[in-house]
Amino acid sequence: MIDAAQVISQLQQGQMFDFPGGVHPPQQKSLANSTPIAQVAEPKHLYIPVKQQIGSQGNVCVQVGDYVAKGQPLTHSNHPFSVPVHASTSGTVVAIAPHPSAHASGLPELTIEIATDGLAKWQLMPLLTDYMQLDKMQLLERICQAGISGMGGAGFPTHIKTNTHKPVECLIINGIECEPYISSDDRIMREHAWQIKQGIDILRHIVEPKHVIIAVEDNKPEAFDAMRTACLEDNGYLVVSLPTKYPAGGERQLIQVLTGAEVPDNGLPIDIGCLMYNVGTCFAIAEAVLHGKPLVERVVTLTGKALNKPQNVWALLGTPVQHLLTHAGYDSTQQKQHKVIMGGPMMGFTVHNEQVPVVKMTNCLLVPERNELPEIEDERPCIRCGLCADACPAGLLPQQLLWYSKAKEYDKAQEYNLDACIECGACAYVCPSEIPLVQYYRQAKSDIRNAAIEKDKSEKARERFETRQARLLADKQAREEKHRLAAEARKKSMENKGSDAKDKIAAALARAKAKRAAAAKTDTDTTQSTPDVSSHNSPSTDSDN
Amino acid sequence: MTLLTALLIIGSLALIFGAILGYSAIKFKVEADPLVEQIDALLPQTQCGQCGYPGCKPYAQAIADGDEINKCPPGGESTIKHLADLMGVEVKPLDGDHGVEDVKKVAYIREDECIGCTKCIQACPVDAIIGASKQMHTVIIDECTGCDLCVAPCPVDCIDMIPVKTTPQNWQWDLAKGVGDIPIKQVES
């Protein structure tokens, strides 16, 4: 657990810590960060994926043909790890069907398609301007209902993170944005520092931290000034400028730089008394609480030299990538091969379909011109230079992890803490043999995850199998038992009223005998009497007798 | 005399240890063979019977008794590897007589063709099919192990084995295609 007072006094004296490794790739931020955040014309169609965050997806609560207002929730769920998605603008739902997702796989996911009407008719939530008087749970409910999940990249539902019962020493606001090219946080801090401050105020009211630290990298002096001005009057806020180094914006790395403490491997920042939010998330929280607006748009950096007008824009969630590229003046002659990257150059992924929508986690679209990013070369053998180990911000041994991942020796890879890898790409960036290390790690990680799921499933299957076997056996035994009991009961009743039964049998036999005798007697009677009768009535038969 | 003393000491020691061992063998008796449990935990629990035994547990017992470790097609290479580790034997390729490693599949009942005979329900080793006599049956996909055992008993052949769909949740990065990752090596500009 860290001590807020000590951390603050250290920071005020300009004393900071460092995390191991890290790299300094060319920044390339000036491409897009010099113009204000622009508005984009509404696209004709919006594609809103039902699931846009980590956790579970909600149930769709609209139907094809419904008219939806801007900000109207489209999904609903009682699952705590689920946040709703909202209509980003007003229009008609034209389809609820799978659509290419904003995921590295590009596989189709359930998506709500809205034909926009261009009116942008809002359906606002009631304002909670006097939030200081409100219960924390009410504010958390609002944050959840506004569909807010972490906007720095991971997309963890914000209300879950905020609903902590552990004491919070430091509330850290992450304005680092360390990945090259991206400047969406930079612009939002420059232009909306006051509203970010309001969002932080709300968070401070909810989690009651001892102190608030706002961290900005020193390559964003304007953003730093804006945030400092916004937080000038409040003693509980400290805005600090950090030396630029990738990946200083990683949650664990930033905590280490500010406090000198490390978050335990399988722990969370809250375990050492820290809670971290992205500046974009703070802005969205203020929108939700003070303006009643759910999360329907976000700042997206459109950058890369194949765009004529690289810039930051307010993009409605669900806007297809193609629409934004057209807005930014995409010039296909600048590219040898069409390539759009969602996210930054270090951690992003290639978009395969232009209709992929912008989602809550999308912070950047990078369209590199020919030769701007190198071609992916064939990897060469590892020369054991050790540069990757020097660059790793998590203090891992990337070489060992590479061997074990390649050989599918996942137990060993986990022994070397593969799980602690944040996939920042620093190792691959420094590798002189062009080995795509992160790819191997990602593959190993998803193999391990899938194996764990399989293991769970097989465990469940075993349980069901054994339960079934037990049930069949029990059924069989029950059946046999029933038969046995019935047989016994029969036998018993025979024994119990043994003589009685025998009497009964004897009686029955006697009855049967008597009956037979009686029948025989009647028979003889009849045979004897019949001729008499007939003899009287028909003399012709007499001759027969 | 020395010889006798030595013999006596060794003999009495042997008796004491023998008694301790004998006592602990009774006192700490392990009911089941833990090895079988360990092997069973490694098997995929499809209960498909492709190994020739009526379920995973019986095969685990057979392996413990010295049967080959390469008779489980659903488990495939990784299961063989793990079994080899556990049993301390060489890894062998999968025995082709028992089937080949295939993509994971689940059963699917074409519901309008189902006549409600309950034969598949009786065949399912993990109770993953619901339905009743003369009522339509359906497979609980999440519980289906893809063992194939329900296909043969169906009198109207309305059960298909279809491969499990790839979703963004179980999707695997494909290195060959170079999908997704772009570790940059920027040219300074």
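What distance separates the centres of domain 1 of chain B and domain 2 of chain B, taken over C-alpha atoms? The two centres are 25 Å apart. The model is predicted, and the points below are grouped by topic.

**Domains of chain B**
- The domain assignment places domain 1 of chain B at residues 34-98 and domain 2 of chain B at residues 103-165.
- Domain 1 of chain B contributes 6 residues to the contact, and domain 2 of chain B contributes 7 residues.
- On the side of domain 1 of chain B that touches domain 2 of chain B, 5 residues are polar, 1 is nonpolar and none is charged.

**Overall build of chain A**
- Chain A has 14 helices and 16 strands.
- Its radius of gyration is 39 Å, well over the 24 Å that the globule rule gives for 545 residues, so chain A is more spread out than a compact globule.
- Along the principal axes, the C-alpha atoms of chain A fill a box of roughly 145 × 60 × 55 Å.
- Of the 545 residues in chain A, 45% are buried.
- Among contacts in chain A with a separation of 6 or more, 73% are between residues 24 or more positions apart.

**A sheet in chain A**
- Six strands of chain A form an open sheet with mixed pairing, in the order S1-S13-S12-S16-S14-S15.
- Strand S1 (38-39) and strand S15 (349-351) of chain A are at the edges; each has a single partner strand, so one side of each is left without a neighbour in the sheet.
- Strands S12 (residues 297-303) and S13 (residues 311-316) of chain A run antiparallel and are joined by 6 bridges.
- A:Val299 is opposite A:Trp314 in S13(A).
- Helix H4 (residues 184-207) of chain A packs on the sheet and touches S12, S13 and strand S16 (364-366) of chain A.
- The direction of helix H4 of chain A makes about 125 degrees with that of S12(A).

Conventions
Residues numbered from 1 in each chain as written. Chains lettered and ligands numbered in written order. Predicted model: local features only at pLDDT ≥ 70, side-chain atom pairs only at ≥ 80, totals over all residues. Domains from an automatic or database assignment. Contact = placed C-beta atoms within 7 Å. Nonpolar A, V, L, I, M, F, W, Y, C, P; charged D, E, K, R; others polar. Helix = DSSP H or I, 4+ residues; strand = E, 2+ residues; numbered from the N terminus. Rg over C-alpha atoms; globule rule 2.2 N^0.38 Å. Buried ≥ 20, exposed ≤ 12 C-beta atoms within 10 Å, placed from the backbone. Pairing = 2+ DSSP bridges. Axes fitted to C-alpha atoms, helices over the stretch in contact; angles between N-to-C directions.
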